[in-house]
Amino acid sequence: MTADETGQTPRKGLAIRGKIVVLVSLLVLLTGLTITYWIFSKFNDELMRNKLTEISAETRLYGNDFSKDMNELMRDVRFLKGTPPIQGIIRAKSNQGIDPFDGSPIEIWHDRLATIFSELLEAKPEYLQIRYIGLEDNGREIVRVDREGPGNSIQVVSMAELQQKGERDYFIEAMTLPQDQVYLSEIELNRERGEITRPYQPVIRAATPVYQENGDAFGIIIVNYDITHLISAEFNNDSDTHNTYISNARGEYLKHPDPSRVFRFEFGESSNALDDFPELAAILNAAHDEDSIHRSFEKDNRVISIR
């Protein structure tokens, strides 16, 4: 019997061809998987780059907007210091309550300054209060206008309710500055008579020293700026793809997806970005001599942008 008659040789040929088909199929599948992985990897890299660009642009925009607001705040403080009642009050105070320049009683100068403060508060809803604080009597307020009237209306605080602020950090810091400098405080919760106001009002204070015509220090002009709208609205851009965090220079959270973690330093506790993102410490230390910081990077499939 021949091989053709038994069918053994054809079956062996079919087996070889089957193996070749399987091998080719495996190669095709492997090539397909390799190409798919390469495409996915390229797509993922491109997605990460696009997200990095997007978040970097957002943080740059928010940082620029915040800087713009702070520059405007400092300009307003300088403007207030240059208004006539500031020196009018000084002259009247050193002349038994009467301004020797135009004969105005000190009370008239108080009223004029209160009007200027009130008009600025009316024009700037984010300004909580404006004060003229003297060096005498442990930093007692001379004129104060705020939003603590009925229904948060603007009010001129009476003489009996004016407070001493000489021991507050912002007063001490501002009094050490030269004539044209403006002090910006850290962002913290607003306090009245030593107590944190409720609901919480995160504020930043801008203050500039006031000097008499003879060069002696007299006091400060200070504006309390409510930044709630920045933290709760403009910066409230959390989404399914990214979260926004804001901290002070020490890393303490001012904004966090978990509201219970913000401003803990005001209560003797700590909730710090440096604990959650240890890589920030090296960046902040390396950039301590820079006026501003803007870094963006990828780590553990996360895109992080710092401003």
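How many cavities of 30 Å³ or more does the structure hold?

## The cavity

In this predicted model, the structure holds one cavity of 30 Å³ or more, and the volume of the largest cavity is about 30 Å³. Its lining is made up of Gln129, Arg131, Arg144, Lys165, Arg168, Tyr170, Asn190, Arg191, Glu192, Arg205 and Asn224. Sorted by class, seven of these lining residues are charged, three are polar and one is nonpolar. Strand S1 and strand S6 (191-192) each contribute at least two residues to the lining.

## The nonpolar cores

The largest nonpolar core comprises 41 residues, and within this core Phe117 and Tyr132 have the most contacts. Two or more residues come from each of helix H2 (8-81), helix H3 (84-93), helix H4 (106-123), strand S1 (127-134), strand S2 (141-146), strand S8 (202-211), strand S9 (217-226) and helix H7 (228-234). Of these elements, H4 gives the most, with seven residues.

Leaving aside residues up to four places away in sequence, Tyr132 touches Ile86, Ile89, Ile90, Leu113, Phe117, Glu141, Ile142, Val143, Val210, Phe218, Ile220 and Ile221. Another core, of nine residues, lies apart from the largest one, and includes Ile133, Ala174, Tyr183 and Ile222.

## Helix H4

The buried residues of H4 are Ile106, Trp109, His110, Leu113, Ala114, Phe117, Ser118, Leu120 and Leu121.

How values were computed: Residues are numbered from 1 along each chain as its sequence is written. This is a predicted model: local features need pLDDT of at least 70, side-chain atom pairs count only at pLDDT 80 or more; totals for chains, interfaces and linings use all residues. Side-chain values use heavy atoms; hydrogens and water are left out. A nonpolar core is a set of buried Ala, Val, Leu, Ile, Met, Phe, Trp, Tyr and Cys residues joined through side-chain atoms within 4.5 Å. Buried means under 20% relative accessible area, exposed over 50%, partly exposed in between (1.4 Å probe, protein chains only). Helices (H or I, at least four residues) and strands (E, at least two) are DSSP runs, numbered from the N terminus. Contact means heavy atoms within 4.5 Å. On a 1 Å grid over the protein atoms alone, a cavity is a set of points where a 1.4 Å probe fits but cannot get out, and a pocket is an open set with protein on both sides within 12 Å along at least five of seven lines; lining residues have an atom within 4 Å of a point. Grid points are joined across faces, edges and corners, and a volume is the space filled by probe spheres set on the points. Ala, Val, Leu, Ile, Met, Phe, Trp, Tyr, Cys and Pro count as nonpolar, Asp, Glu, Lys and Arg as charged, and the others, Gly among them, as polar.
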